[in-house]
Amino acid sequence: MDGASGVILGMSLGMLLQFIVLGIGVGAFGTLIGAGGGLVFVPVFLYTFTDWSPAMVVGTSLTIVMFNAMSASTAFIKQKKILYSAAIWFTLATIPGSYLGAVASESFDIAMLKFWFGLFLLCMSTFIGYKNFTKGQRKEESLQLHELTYSKTIGCLISVVVGFISSVFGIGGGLIHVAALVYLLGFPTHVATATSQFILFLSTISGVATHFYLGHIQWNIAIACGIGAVIGAQLGAALAKRLKATSILMVFSVGVGLLALQLIWSSGKLW
């Protein structure tokens with residue numbers, strides 16, 4: 001039995017409960033910003049399970065993201081905030097990228113994964129923070145679902161890239177989709193986060209299936225965190241109803257930025 005398998009199979013009740021609680025917190029946060037929670041699970045697994053390969057980290061994280069997004073989607077369906085016409089097309093566009101990303105994840109080493117994942121998050125944090133602070137409350141926030149117009153072509157092209165990054169980094173792609181829906185396609189923030197979660201659920205199925213076939217998923221950890229993420233998603237969806245769009249984007253920008261800096265620094269690629 002190798003080190004990683006020993007940790008997983010010998011997981012105590014206390015450790016199991018810790019991962020369930022982690023799943024609740026991350027699931028709530030991920031649902032609130034439409035990101036699925038992978039941005040936290042990836043670094044947590046990198047630091048906790050040092051015997052895991054990057055592919056195992058990514059595959060396990062993406063599985064939890066799928067559980068989280070499934071739960072969040074049910075809540076947002078009840079709230080009637082999902083734009084299904086966009087969600088279906090954008091989901092289909094993520095499928096080719098999801099497969100290629102899952103395969104590509106096998107070529108990463110730990111330091112490389114930390115550095116590029118951190119750099120990606122830092123770019124997203126800076127972009128969204130700048131937009132949020134300079135624009136204030138966007139006029140699009142008052143739009144209803146039936147009033148939305150958007151470019152299907154641009155959305156689908158973005159989704160191809162999202163699918164690839166989703167499987168490579170194990171984050172589900174919600175980070176990019178929320179930013180793209182809000183700032184490139186003119187969606188209200190609450191509709192963007194809800195639609196992103198629905199896309200996450202549908203699109204991660206392909207990536208998870210590929211990671212499962214390649215043997216990347218550590219199921220005990222995935223299930224423990226997944227249980228928590230399902231609960232957390234319901235909490236996050238309830239919170240999203242009560243927060244202003246600018247508050248959601250503020251939390252998004254600051255939290256992702258701090259995480260990005262930590263990952264880049266710990267990768268050792270700066271010296």
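**Questions on a predicted helical model**

Me: Which helix gives the most to the nonpolar patch?
Reply: Helix H5, residues 84–104, gives the most, with three residues. The model is a predicted one, and the patch on its surface is formed by Tyr99, Leu100, Val103, Phe164, Tyr213 and Leu214. Together these residues have about 620 Å² of accessible area.

Me: Where does Leu214 lie, and why is Leu214 called partly exposed?
Reply: Leu214 lies in the loop between helix H9 (189–213) and helix H10 (219–242). Its relative accessible area is 30%. Buried means under 20% and exposed means over 50%, so a value in between is called partly exposed.

Me: What makes Val26 buried?
Reply: Val26 has a relative accessible area of 5%. The cut-off for buried is under 20%, so Val26 counts as buried. Val26 has its place in helix H2, residues 13–33.

Me: What does Val26 touch, not counting residues up to four places away in sequence?
Reply: Val26 touches Gly37, Val40 and Phe41.

Me: How do you know that the span of helix H4 agrees with its number of residues?
Reply: H4 covers residues 54–79, which is 26 residues. The expected span is 1.5 Å times one less than the number of residues, so H4 should span 38 Å. The end C-alpha atoms are 37 Å apart, so the two values agree.

Me: Why is H4 said to be largely enclosed by the rest of the structure?
Reply: Of its 26 residues, 20 are buried, so the description holds. After H4 comes Lys80, with a positive phi near 55 degrees.

Me: How many helices and strands does the protein have?
Reply: There are 11 helices and zero strands. Of the 271 residues in the protein, 55% are buried.

Me: What share of the contacts joins residues at least 24 apart?
Reply: Among contacts between residues at least 6 apart in sequence, the share is 87%.

Me: How much of the accessible surface belongs to carbon and sulfur atoms?
Reply: The accessible surface comes to about 11,300 Å², and 70% of that belongs to carbon and sulfur atoms.

Me: What is the average pLDDT of the protein, and where is the pLDDT below 50?
Reply: The protein averages a pLDDT of 81, and 89% of the residues score at least 70. Over residues 1–9 the pLDDT is below 50. That stretch has 13 contacts in the model beyond near neighbours in sequence. Where pLDDT is low, the predicted coordinates should not be read in detail.

Methods:
Residues are numbered from 1 along each chain as its sequence is written. This is a predicted model: local features need pLDDT of at least 70, side-chain atom pairs count only at pLDDT 80 or more; totals for chains, interfaces and linings use all residues. Side-chain values use heavy atoms; hydrogens and water are left out. pLDDT is the predictor's confidence in each residue, from 0 to 100. Contact means heavy atoms within 4.5 Å. Patches are made of residues with over 30% relative accessible area and no salt bridge: like charges are joined within 9 Å, nonpolar side chains (Val, Leu, Ile, Met, Phe, Trp, Tyr) within 5 Å. Accessible areas come from the Shrake-Rupley method with a 1.4 Å probe; for residues, only the protein chains shown count as cover. A salt bridge is a side-chain nitrogen of Lys or Arg within 4 Å of a carboxyl oxygen of Asp or Glu. Helices (H or I, at least four residues) and strands (E, at least two) are DSSP runs, numbered from the N terminus. Buried means under 20% relative accessible area, exposed over 50%, partly exposed in between (1.4 Å probe, protein chains only).
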